[in-house]
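Please keep the sequence and the 3D view at hand while reading.

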Amino acid sequence: MLEDRFSIVVGDITQSRAEAIVNAANTTLLGGSGVDGAIHAAAGPGLLEECRTLGGCETGHAKLTGGYRLPSRYVLHTPGPIWRGGTAGEDALLAGSYLSSLRLAAEYGAKTVAFPSISTGVYHFPLERAARTATETILAFLREHPDMEITMACFDEPTKAAYERALAEYGAA
Ligand code: AR6
């Protein structure tokens with residue numbers, strides 16, 4: 001079953017045992033608040049040093065680094081879109097963040113990937129809408145990659161509930 005390879009949990013992504021975790025970064029890739037700050041703090045200074053060599057990243061794209069002191073081997077850094085009202089291509093950019101991260105993970109042989117809820121914090125993307133776009137993108141990817149497993153590491157219960165609703169909507173489709 002597809003749903004067996006998509007877990008939605010409440011947790012701190014820096015504790016995840018996934019081979020690759022995703023960072024909801026900004027286009028500089030030089031750190032920030034929220035999950036970005038937590039990942040850099042847990043990984044240690046080596047992560048920022050490597051990020052400095054990457055030359056930033058476009059919104060909706062992703063770049064890979066090592067995991068340094070994290071349990072994960074890789075970090076996939078993706079700047080999600082800043083919410084601008086919904087008519088500035090935000091949905092496609094958010095889908096791009098999920099898909100670019102997953103393609104990079106597959107390219108590097110990471111079979112387990114954990115995501116935070118990209119763009120729904122500081123970037124103010126509406127949670128229900130983000131959860132639907134993320135879930136639809138993840139399920140489509142999983143259908144084509146039967147060897148991969150994906151976890152949504154939600155920071156709180158309302159976030160988890162939103163992704164569970166989206167899974168109920170798309171999982172059966
Ligand atoms: N583990 C899992 N989720 C977390 C964690 C954690 N340790 N910490 C926070 N979250 P945000 P964005 C959740 O603001 O909206 C940064 O400054 C948080 O509760 O981290 O994409 C970057 O540098 C929320 O549900 O990311 C960018 O400038 C989700 O992660 C900007 O923020 C995303 O919230 C990116 O904003």
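The largest pocket holds about 560 Å³ of space. On a 1 Å grid over the protein atoms alone, a pocket is an open set of points where a 1.4 Å probe fits, with protein on both sides within 12 Å along at least five of seven lines. Grid points are joined across faces, edges and corners, and the volume is the space filled by probe spheres set on the points. This is a predicted model, in which local features need pLDDT of at least 70 and side-chain atom pairs count only at pLDDT 80 or more, while totals for chains, interfaces and linings use all residues. Residues are numbered from 1 along each chain as its sequence is written, and side-chain values use heavy atoms, with hydrogens and water left out.

The pocket has a lining of 27 residues, and A24, G34, V35, S117 and G121 are the ones nearest its centre; a lining residue has an atom within 4 Å of a grid point. β2 and α1 are the elements that give two or more residues to this lining, and α1 provides the largest share, four residues. Helices (H or I, at least four residues) and strands (E, at least two) are DSSP runs, numbered from the N terminus.

What takes up the space of the largest pocket? The ligand does, where sitting in a pocket means that more than half of a molecule's atoms lie within 2 Å of its grid points. Around the ligand there are 22 residues, of which N26, S33, D36, S119 and V122 come nearest; a residue counts as near if one of its heavy atoms lies within 4 Å. This shell divides into ten nonpolar, ten polar and two charged residues. Both β2 (20-25) and α1 (34-43) supply at least two residues to the shell.

Polar contacts are pairs of N or O atoms within 3.5 Å. The side chain of N26 has an N or O atom 2.7 Å from an oxygen atom of the ligand. For V35, a backbone N or O atom lies 2.8 Å from a ligand oxygen atom. A polar backbone atom of G121 is also 2.8 Å from an oxygen atom of the ligand.

Note on methods
A polar contact is a pair of N or O atoms within 3.5 Å; within protein, one must be able to donate a hydrogen and the other to accept it, and residues adjacent in sequence count only if both atoms are side-chain atoms. Ala, Val, Leu, Ile, Met, Phe, Trp, Tyr, Cys and Pro count as nonpolar, Asp, Glu, Lys and Arg as charged, and the others, Gly among them, as polar.
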